[in-house]
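Okay, thanks everyone for coming. Let me put the model up and then I'll walk you through a few places in it.

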Amino acid sequence: MQFDFSSEQKELQTSVRRFFTDNSPNSAARGVLESTAGHDESLWKKVGEQGFLAAAIPEAQGGVGAGYLELCVVAQEAGRALAALPTVSSIYQAAEFLMAVGTPEQQAKWLPRLASGEAIGTVAVTEAAGPLNPKAITTRVTNQRLTGTKLPVADGSAADFAIVAAKDEHSGISLFIAELAADGVERTPVETVDPSRKHARLDFDGAVVEPLGAPGEGLALIERIRDRAAVLTAFEQIGGAQAALDMARDYALQRFAFGRQIGSFQAIKHMLADMYVSLELARSNAYYGAWALSVDSDRLPAAAASARVAATQAYQLCAANNIQVHGGMGFTWEFDCHLHYRRSNYLALALGGPSHWEERLIESVRVNPALKAA
Amino acid sequence: MNFDDTPEEAAFRSKARDWISANAPRELHAGLSKLGFGQSDAGVGDPMQAAKQWQKKKQEGGWAALRWPREYGGAGASAIEQVIWQSEEGAYAKLGGAFTIGLGMCGPTLMTWGTEEDKRKRLPKLASGEEIWCQLFSEPIAGSDLAGIRTRAAPEGDEWVVNGQKIWTSGAKESDWGLLIARTDTGVAKHRGLTMFFLDMKSPGVEVRPIKQMNGDAHFNEVYFTDVRIPDAQRLGAVGQGWTVALTTLMNERMSIGGSMPTGFDELLNYAEEIETEHGRAINDPRVRSRLASYAVKATGLQYSAYRSISALSRGEEPGPENSIGKLVAGSMLQDVSRFALDLQGEYGLIIDEKLSPDNARFQRMLMRSPATRIEGGSDEILRNIIAERVLGLPADIRVDKDVAFDRIPTAASAGGR
């Protein structure tokens, strides 16, 4: 058993971390948060040049073809750096949909450009409050023309295309690729809890689309791709949780009250210990998810759900308690604590919220007990 | 990243599997498999006899004390081979409870600090289960504050004379030998005045009194020492070095306890599939599923953390303080899981009579045993301190007894209290 990243993957982690430290300080995420920019464009360009996010895209499709473990390593560092990038939309989802069911033409058109960062893709599913279900989807495609509204769509303003879930003449939900600069598409920014990863409202009024994957199989496909994206997102979450824990620890060492470092009080020490425990449980679950993703295991649904549930818990706990350790200063706009608080709550809901993943976890554990290694 | 055995590991696993299927007491398997956390009757007749037989057989077959060198009764196996053995031994490992402390803590301490003669004399008998060991550390006044112990060892010729009292000693009644930490100097700071010994539990002046626990069992004991004589040759480490020796023991305790803790999750999941509620089987109730999911990620998180530790171990890295999370998470989870299972049973959940209660009172017994898990071998609070200080690098607690001679440290008595 070697349940860990290899030494080459750890070297990659060191260099990716150095890259993000140099190119994406917290001030960069804050810059996006405080502006109308969709994402950190110069960082996205550099990341594309480095090939970091193309790790799991095959060379033949313009990627690096390294593998999913490498992409997990990159995701963790992107999360740690609060990178204001369309990773979840473009790499963990859009590219995955195309690799899974795209036609050779669709793959050739988009994958090399997603791999290099020249193009951004996203996924447009949600229309109303509540968990994903077919009844909540009213968007419709007739004669290859799409009509309806999707909201909120991550990176909707910046994306070149969206994979849209809609109804057509088939029963069930089908998926379509909509180019967003085309006629019949209107994009409006939407204010969300984490403006360092922007969202938009997409209004389609007869926009031309092409089908993606088998008709009527949209929801099953979304589930399948979300399992993969869940593992990668979990790595962003544990990266963020680690950064929030580090911030809290550093502040507890530096801040004095009652004549001593606040980190010497057990109330603070134990809070930080609980954050660490939560993070380590999440990290171990995420590693298992990474393994399942990298070998395409039939345990992926259970592994992905475990990774996701644990990572959401850990990041939300670490981000909230980081503010608590900082006291009043943690509640200011000036301090960076809210960047993690925002990000943790955005990532919690991206791909479906905690209760969705809890449900999926129990469903898949019953089919395929996750407690057994392999 | 993989879970596959290397060819050598696979060969070891199949050898272990074959040996177990040829030698294990198969007639006990069903009872042992059913035995839940906090339950003591596996229906194996005399448990000590069954335990000793299995341990002896394992040692003769070369499967006991796997990581110890052969000359001390072990098998000279690697860390990863031990893990493979544990997974193959499965339910039969429950027979070995009486040897856990000896094999996991006392043995390794003797291995590090004992003389060659001690090691050759004592360790093989420990490995074969012929001799049982206990750990005489905690005292009524010193649990979490272990370095505050008061049992005195005074030198007399080439012997030490011991007086005092230990408590929470697991298996002291059955033990042949004990690892004893005692105070040899009260005039220096508390950590510096301690010395480690091992002694024959049949020595005159040793009196063992079982403690009736809140769950009705009597696994722990008080041990009284009245002018007990220990040869100086049975001292481990230098006089005054006892704290350093104790840290060897405690580090091994962390590994042997934290490695594979039960959490109650598997039992709860199985039970939720069985019990009928107003929504049909409990597993179909979304509230139950949500709770199960939260438990599931803790259970898998611990299991996969253990895999990470095992991988680090097999690369030759030392077990570190991060292993403290195992017991910290599992202890309160056992308590939580058992309360939740009782809640599913409604008022019927009150029944702890194994003949009447659903699932042999499994969860009721778990409820009544789990408070101890959160205390023994380092309380939740001590474990959080360890994580905060040794993993996260936060300052140690401010201690009013630091650098104060032991006999000047305030106590309840000196403060005019009880």
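So, to start: where in chain A does Ala81(A) lie? Ala81(A) sits in the loop between α4 and α5, and α5 is residues 87–101. Quick word on what you're looking at: this is a predicted model, where local features need pLDDT of at least 70 and side-chain atom pairs count only at pLDDT 80 or more, while totals for chains, interfaces and linings use all residues. Residues are numbered from 1 along each chain as its sequence is written, chains are lettered from A and ligands numbered from 1 in the order in which they are written, and side-chain values use heavy atoms, with hydrogens and water left out.

Is Ala81(A) buried or exposed? Buried, at 9% relative accessibility; buried here means under 20% relative accessible area, exposed is over 50%, and partly exposed is in between, with a 1.4 Å probe and protein chains only. Leaving out residues up to four places away in sequence, Ala81(A) touches Phe20(A), Ser24(A) and Asn26(A), where contact means heavy atoms within 4.5 Å.

Now the helix α4(A) itself. Two packed helices are described by the angle between their axes and the distance between the axes. Helix α4 (residues 68–80) and helix α8 (residues 266–294) of chain A have axes that come within 9 Å and cross at roughly 145°. For the record, axes are lines fitted to C-alpha atoms, for helices over the stretch in contact, and angles run from 0 to 180 degrees between N-to-C directions. The crossing of α4(A) and α8(A) is right-handed; the call is left-handed if the near helix is turned anticlockwise from the far one by less than a right angle, and right-handed if clockwise. On the α4(A) side you have Tyr68(A), Leu69(A), Cys72(A) and Gln76(A), and they meet Arg283(A), Ala290(A), Trp291(A), Leu293(A) and Ser294(A) of α8(A). By class, that contact has six nonpolar residues, two polar and one charged. The classes are: Ala, Val, Leu, Ile, Met, Phe, Trp, Tyr, Cys and Pro as nonpolar, Asp, Glu, Lys and Arg as charged, and the others, Gly among them, as polar.

Next pair, still in chain A: α9 (residues 300–326) and α11 (residues 354–367) pack at about 145°, axes 8 Å apart. Which hand is the crossing of α9(A) and α11(A)? Left-handed. Among the residues making the contact are Pro301(A), Ala305(A) and Val309(A) from α9(A), and Pro354(A), Trp357(A) and Leu361(A) from α11(A). The contact of α9(A) with α11(A) comes out as eight nonpolar, three polar and three charged residues.

Arg197(A) is in the loop between β6 (185–190) and β7 (199–212) of chain A, and Arg197(A) is buried at 2% relative accessible area. Its side chain reaches the backbone oxygen of Leu85(A) at 3.0 Å. That's a polar contact, meaning a pair of N or O atoms within 3.5 Å; within protein, one must be able to donate a hydrogen and the other to accept it, and residues adjacent in sequence count only if both atoms are side-chain atoms. Beyond four places in sequence, the contacts of Arg197(A) include Ala83(A), Glu236(A), Arg343(A) and Tyr346(A).

Over in chain B, Lys166(B) is in strand β3 (residues 159–170). Lys166(B) is buried, with 0% relative accessible area. What does the side chain of Lys166(B) reach at 3.4 Å? The backbone oxygen of Leu136(B). The backbone oxygen of Phe137(B) is 3.0 Å from a polar atom of that Lys166(B) side chain.

Last one: Asp285(B), in the loop between β10 (280–281) and α9 (286–314) of chain B, is buried at 5%. The Asp285(B) side chain makes a polar contact with the side chain of Arg287(B), at 2.8 Å.

Technical notes:
Helices (H or I, at least four residues) and strands (E, at least two) are DSSP runs, numbered from the N terminus.
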